Every structure is written in C-alpha cells, then in structure tokens.
Amino acid sequence: MTKVDVLLGLQWGDEGKGKIVDVLTPNYDVIARFQGGPNAGHTLEFNGMKHVLHIIPSGIFHKEKINVIGNGVIIEPCIFKQEIESLVAKGADPEKNLYISKKAHLILPSHRMLDAANEQAKGNRKIGSTLKGIGPTYTDKIARAGLRVGDILAPDFRERYELLKCQHMQTAHTLNFDLANFRLDGLTLDEYEAKWMASLDLLKRFQLINSEYFINQCLQEDKKVLAEGAQAAMLDIDFGTYPFVTSSSCVAAGVCSGLGVAPSKVGRIFGIAKAYCTRVGAGPFPTELFDETGKLLCENGHEYGSTTGRPRRCGWIDLPALRYACMLDGVTDLIITKPDVMNDFDEIKMCTAYEIEGKVTNELPFEYNTLEIHPQYTTYKGWKQSLAGITKYEDLPQIMKDYILSLEEQVGVHISAVSTSPDRKDVLFR
C-alpha cells in the first residue's frame with residue numbers, strides 16, 4: 001500500500017506551496033486539500049499564465065489527475081463559483097477531475113458578516129482576518145452547528161440554513177454591528193445571500209463524495225496521493241503565534257483529520273520555506289525589517305497577498321521558527337523558494353538564535369507575542385548575479401550553494417530543491 005505524501009508551509013504562509021504542488025503533481029494520481037478555505041491563495045505560473053487558487057487543489061490544471069477538496073476544507077460557494085469560472089476560462093475542465101467531500105463545511109454569508117463583526121469588536125487588538133468567514137465557520141464546526149456540503153441535498157436545507165443565520169444575526173446584534181451598512185462584494189447581505197444560494201446549483205454538479213473512503217481506497221489501489229496544506233506552521237491553531245493564527249490545523253497532523261487517513265499512512269513530508277520571511281496581518285515577527293532592505297524584499301518579491309492584496313511584512317529568515325516547524329511537521333524534504341529575490345544583495349542574513357531577557361535560546365517561548373526578542377544574526381556574502389537560465393542545481397553560484405548548505409546544516413533537514421523563479425520550470429532538484 002502506498003502512503004500519503006504531504007506538502008506544507010513552514011513559515012507564516014505565502015511560501016510558494018501552490019507552485020511546488022503543481023511541479024510535483026506529475027508524480028501523483030491524486031492531489032487533495034486537507035484544511036483551510038478561501039483565505040488561502042496558491043499562485044501558479046506557467047506558459048506565461050498566472051493563476052491564483054483559493055479552495056481548489058493546485059493540481060487542477062493537470063487534466064489526467066484527480067483533485068479532492070477534503071473534509072477539513074471549508075467552502076464559500078460564491079468564491080468557489082468564481083474560481084471555477086476562472087479555471088474554465090483558462091482551459092481547465094474541473095467538473096471532470098474535481099471531487100468534493102460531503103463533509104466539508106460551508107461558509108455562509110452570515111459567517112462572513114460575523115467575521116467582520118468580530119474583527120471590528122476587537123478594536124486595536126485585531127488579528128488581521130482575511131474576512132472570508134474562516135473563524136466563524138470553524139467555530140460552528142466545533143460547536144456542532146455548521147452546515148456541510150452534503151446538507152445542500154437535504155430537503156430541509158433551507159430551514160437549517162435560516163436557523164443558523166438567525167443565530168448569527170443575534171450574535172452580530174450583541175456586538176452592535178452596523179448591519180445596514182455592511183456589504184459583501186458591494187452587495188447587501190440579502191443580495192449576496194441570493195447570489196450564494198444560486199451558487200449551490202454549481203456545487204451540486206460536482207462529484208460529491210465520502211472522501212475518507214475515496215482516499216483510503218486510492219491507497220489500497222497503490223495510487224499516489226499528495227496532500228496539499230494551506231497557510232503554514234506558524235499560523236497553526238495550536239502551535240502558531242496564537243491568537244494571531246488561522247482556525248485550522250496547518251501541520252502534518254491535520255492531514256489525518258482533514259482527509260481521514262491514519263498516521264501510519266503518512267509518507268514523505270515536503271516543507272516549503274522562503275529564503276526570507278514574510279507575514280500578512282498582525283502578530284509577532286522577530287526578524288521583520290523596517291528599513292530599505294525590508295522594502296526591497298517586498299518590491300523584488302512582489303510581496304502582496306494573493307487573497308487580500310495587502311503588502312506583506314518582510315524580514316530575514318528565522319531559523320528557530322523554521323526548526324520548530326520542521327520538528328512539528330516531521331519534514332523529510334525541505335524546499336527553499338525565492339532566493340532570487342536577493343540576487344542583488346551584498347549581504348544576506350540568517351537569524352540563528354534568539355536573545356530573550358539576556359539569554360540566548362533556540363526555542364520559541366510561550367510568551368512569543370509579548371516578550372522582547374532580539375534575533376541573533378549570521379551574515380553571508382550575497383551571490384550578486386541573476387539566476388535566470390540556470391536549469392541545474394550544480395550550476396548555481398558557489399556562494400549561493402554554500403548558503404544553501406549552511407541553511408541545511410543548521411535546520412537539520414535535507415534541502416531537496418530550490419525554486420529560482422515563479423515559473424514551474426525553475427525548480428532545481430538536488
């Protein structure tokens with residue numbers, strides 16, 4: 001029996017997971033998303049085309065491969081419809097190779113309203129939500145009040161929908177939320193709800209499956225499955241920089257609950273990390289740069305959120321956090337992306353440890369959000385040349401290969417590939 005391989009982010013998201021999934025897809029039969037929702041933004045670039053996926057797995061452009069939205073994912077039908085229409089316009093035929101778990105939960109319009117209400121109520125303590133309804137939907141899931149994809153086929157679906165919506169409206173009222181002026185994509189809540197209901201017709205056209213049986217049957221038949229994660233370890237609900245985190249389990253353990261596979265059926269774990277760090281929204285970021293170097297990382301890396309459009313905060317790579325993520329995920333293969341963003345840098349730095357209250361440590365403290373953390377840096381010479389046109393790892397500048405080797409030694413995980421541009425063809429395997 002084959003095992004499920006897993007691909008995960010190791011920082012605060014935006015590491016280039018979608019591109020690497022797309023590159024690895026020819027080696028697999030099934031690509032399955034196991035958590036997150038439309039707060040994700042996985043960007044693919046090939047043949048001069050750029051495409052951003054939010055809910056749909058990143059193997060969707062490979063027509064011969066099956067893509068599965070697992071039970072741990074949450075789906076917003078309007079956003080799903082937009083995503084499908086965009087795929088069709090670019091030549092994909094997702095109705096033929098996209099399967100959806102009946103147990104995946106639905107994001108209601110009122111979930112998105114609650115997201116905005118909760119964020120507003122936090123005032124200066126906002127967490128930087130994408131306002132896609134992620135938190136309230138997972139809250140209802142845990143509270144055993146949510147609606148799932150399979151429920152749209154039930155005769156009493158509308159009745160159950162109205163009951164949940166009523167509960168949301170009562171909560172918004174207690175938060176003194178200004179519903180009269182609230183808009184979703186420029187529409188009132190009622191107008192958006194009508195659009196949302198119409199989107200369910202498209203959802204019903206797809207193959208709605210019991211994905212846990214499907215995935216395990218694929219493994220029994222020795223089909224190769226790649227599980228695609230969204231967000232990243234430092235945004236994990238349990239192990240991330242809480243409360244500045246997402247609402248799902250972004251680490252390897254989330255694969256088991258998000259797809260319905262046993263831990264013994266998990267194989268290789270691909271961890272994706274940028275050669276520097278970025279973060280969107282609020283929360284701690286010890287290596288963040290507020291100088292011209294930080295601005296240059298943002299500009300050279302085109303660091304703007306693919307879901308929110310917000311500029312990303314940028315800083316040097318953080319090895320204590322990266323080692324922590326590799327430990328949690330059990331990473332077997334580390335893949336480094338975007339070193340080309342630093343092609344022109346005279347110097348490149350790595351944070352190799354933290355100094356906290358006069359003591360040097362490699363561990364992330366519980367009080368990560370409140371303690372004053374002083375990164376301890378090691379400085380490396382920049383390679384000062386373009387990486388364009390290089391097709392083999394061996395042909396990379398020696399200075400850069402020395403940097404990669406040092407990174408590998410300090411993290412303690414084999415670096416199996418380096419991505420040197422946004423295009424799928426520029427992934428150099430070692």
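**Contacts, strands and helices in a predicted model**

Leaving aside neighbours within four places in sequence, T278 is in contact (heavy atoms within 4.5 Å) with W12, G13, D14, F285, E303, R312, R313 and C314. This is a predicted model, in which local features need pLDDT of at least 70 and side-chain atom pairs count only at pLDDT 80 or more, while totals for chains, interfaces and linings use all residues. Residues are numbered from 1 along each chain as its sequence is written, and side-chain values use heavy atoms, with hydrogens and water left out.

T278 belongs to strand 12, residues 276-279; strands (E, at least two residues) and helices (H or I, at least four) are DSSP runs numbered from the N terminus. Because its relative accessibility is 1%, T278 counts as buried, a word that stands for under 20% relative accessible area, with exposed over 50% and partly exposed in between (1.4 Å probe, protein chains only). The side chains of T278 and K274 are joined by a polar contact of 2.9 Å. Such a contact is a pair of N or O atoms within 3.5 Å; within protein, one must be able to donate a hydrogen and the other to accept it, and residues adjacent in sequence count only if both atoms are side-chain atoms.

Ten strands form an open sheet with mixed pairing, in the order 9-7-5-2-10-1-11-14-18-19; two strands pair if DSSP finds at least two bridges between them. Strand 9 (207-209) and strand 19 (427-429) are the edge strands, each pairing on one side only. From one strand to the next, the twist averages 25 degrees.

Part of this order can be followed residue by residue. Strand 2 and strand 5 are parallel and share four bridges, with I31 opposite N67 in strand 5. Strand 5 is also parallel to strand 7, over three bridges, and here N67 stands opposite L98 in strand 7. Strand 7 (residues 98-101) in turn runs parallel to strand 9, joined by three bridges; I100 has L208 of strand 9 as its bridge partner. In a regular strand the side chains alternate between the two faces of the sheet. In strand 5 (residues 66-69), I66 and V68 point one way, N67 and I69 point the other way, and all are buried.

Helix 1 (residues 17-24) lies across strands 1, 2, 10, 11, 14, 18 and 19. Helix 1 runs at about 155 degrees to strand 1 (4-9), where axes are lines fitted to C-alpha atoms, for helices over the stretch in contact, and angles run from 0 to 180 degrees between N-to-C directions.

Helix 4 (residues 109-122) packs on helix 5 (residues 134-142) at an angle of about 110 degrees, and their axes are 7 Å apart. Helix 4 is therefore roughly perpendicular to helix 5, the range for that description being 65 to 115 degrees. H111, L114, D115 and N118 of helix 4 make the contact with I134, P136, T137 and D140 of helix 5.

Helix 8 (residues 211-220) is largely enclosed by the rest of the structure, because seven of its 10 residues are buried. These are S211, E212, F214, I215, N216, C218 and L219. D222, which follows helix 8, has a positive phi near 65 degrees.

In helix 7 (residues 189-204) lies L202, which counts as buried because its relative accessibility is 9%. Not counting residues up to four places away in sequence, L202 touches F80, K81 and I84. L202 and K132 are 70 residues apart along the chain, and 20 Å separates their C-alpha atoms.

Key: Angles under 35 degrees count as roughly parallel, over 145 as roughly antiparallel, 65 to 115 as roughly perpendicular and the rest as oblique.
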